[in-house]
Every structure is written in C-alpha cells, then in structure tokens.
Amino acid sequence: MGLDVSEDAIAAARGFCQAAGIDSELMLSAFEAAEFESPLDVILACGVMYLQPIQELKLQLKRCSDWLRPGGAMWANFRHPDTSFSKSGVLRPDGLVEIDERSPQHAGGRFLFLERDQILELVGEAGFEVFNSERTELWRNANTERHVWEAVWLRRPG
C-alpha cells in the first residue's frame with residue numbers, strides 16, 4: 001500500500017513496483033483523508049514528517065499509530081537542527097523554518113527541525129515505543145551543505 005498526494009509520485013512508484021515485479025496498491029490521497037480497510041503491518045514515512053507544522057505532525061503520528069495493528073512497526077526520519085540550512089530562514093509560529101535566499105537551493109521551503117529528545121517525546125505521546133534510532137549525516141555540494149536526520153524505528157504496543 002502506498003499513499004501520496006502527488007500524481008507524479010504515484011506514477012513513479014507504480015513504475016518502480018512494476019519493474020521490480022511487486023504487486024502494490026497505490027492511493028492518491030491527502031494523508032488526512034486516507035482510510036484503510038484493515039490495520040497496517042508497517043508504515044514507512046521517508047522525507048515527509050519534517051514538512052509538517054508541529055501540531056499537524058502530532059496528529060499525523062497519532063493517526064499512524066492508530067492505522068497500525070498492535071505490534072505493527074513504523075520507520076520515520078526527521079530533520080535535525082544541525083542541518084546547515086536550518087538557520088537560513090525565519091522561524092514561523094507553527095514551528096516550521098521558512099528558508100530564505102541564504103540557502104538558494106532550499107529557498108521558499110518550509111522545514112521542521114527537531115532534536116532527538118523532541119522526536120522521542122512526540123512519538124511517545126502518539127503511543128509508540130521506540131526500538132531503535134540513529135542519526136545520519138550527509139555532506140553534499142562539495143562538502144559545503146550538511147544534512148542531518150534522526151531516524152526512528154517505532155512499534156505500536158500490543
């Protein structure tokens with residue numbers, strides 16, 4: 001089961017699955033509108049959780065927990081404030097940083113940057129247990145641009 005709001009992303013995922021011989025069900029839907037007939041075993045949230053204001057993120061994490069069967073797992077990554085462009089913008093009241101021209105390749109983007117302890121608190125409030133976490137650092141553009149993520153492996157108790 002795949003879910004995305006972008007027709008292009010769904011088409012790309014469909015092409016990947018077909019090329020790999022994977023039988024898949026892909027849904028074009030906003031996260032908030034998605035419904036599933038039965039509980040999910042696993043949720044993979046790659047590159048999406050740090051695009052939400054903090055209050056929406058709290059609701060989405062709770063929704064993911066509710067979608068999972070008891071014992072189901074989730075993997076998610078979050079942007080960390082050590083990312084080089086995290087200070088290249090204006091902090092909005094909703095917790096997102098709106099990136100400005102100091103980081104031209106990200107200008108206009110809105111990102112949520114969270115420390116590890118903040119992430120652990122949020123996922124705990126959503127009803128998850130953390131069974132693994134790691135910090136990943138990637139340098140790009142001739143080592144001038146630092147990207148830092150915190151990834152968490154979560155389980156719905158039960």
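What radius of gyration would a compact globule with 158 residues have, and what value does the protein have? For this predicted model, the globule rule gives a value near 15 Å, and the protein has 17 Å, which agrees. Taken along the principal axes, the C-alpha atoms fill a box of roughly 45 × 35 × 25 Å. The secondary structure comes to three helices and nine strands, and these elements follow one another along the sequence in the pattern β-α-β-β-α-β-β-β-β-α-β-β.

Four of the strands form an open sheet with mixed pairing, in which the order is β3-β4-β9-β8. The edges of this sheet are held by β3 (40-45) and β8 (129-140); each has a single partner strand, so one side of each is left without a neighbour in the sheet. From one strand to the next, the twist averages 10°. Within the sheet, β3 and strand β4 (residues 68-79) run parallel and are joined by five bridges, and Ile-43 stands opposite Met-74 in β4.

Trp-75 and Asn-132 are separated by 57 residues in sequence, while their C-alpha atoms are 9.4 Å apart in space.

A further open sheet consists of three strands in the order β5-β6-β7, with antiparallel pairing. In this sheet β5 (89-91) and β7 (110-111) stand at the edges, and each has a single partner strand, so one side of each is left without a neighbour in the sheet. Strand β6 (residues 97-99) pairs with β7 in the antiparallel sense over two bridges, and Val-97 stands opposite Phe-111 in β7.

The largest pocket has a volume of about 1000 Å³ and is lined by 34 residues, of which Gly-2, Leu-3, Asp-4, Leu-44 and Ala-45 lie nearest its centre. The elements that give two or more residues to this lining are β1 (2-4), α1 (7-20), β3 and α2, and it is β3 that gives the most, with six residues. By class, the lining of the largest pocket comprises 25 nonpolar, five polar and four charged residues.

The second largest pocket holds about 150 Å³ of space. Its lining is made up of Met-1, Glu-25, Met-27, Glu-35, Phe-36, Glu-37, Ser-38 and Leu-40, and by class these comprise four nonpolar, one polar and three charged residues.

Note on methods
Residues numbered from 1 in each chain as written. Predicted model: local features only at pLDDT ≥ 70, side-chain atom pairs only at ≥ 80, totals over all residues. Heavy atoms only, no water. Pairing = 2+ DSSP bridges. Axes fitted to C-alpha atoms, helices over the stretch in contact; angles between N-to-C directions. 1 Å grid on protein atoms, 1.4 Å probe; cavity = no way out; pocket = protein on both sides within 12 Å on 5 of 7 lines; lining within 4 Å. Points joined across faces, edges and corners; volume = space filled by probe spheres on them. Nonpolar A, V, L, I, M, F, W, Y, C, P; charged D, E, K, R; others polar. Rg over C-alpha atoms; globule rule 2.2 N^0.38 Å.
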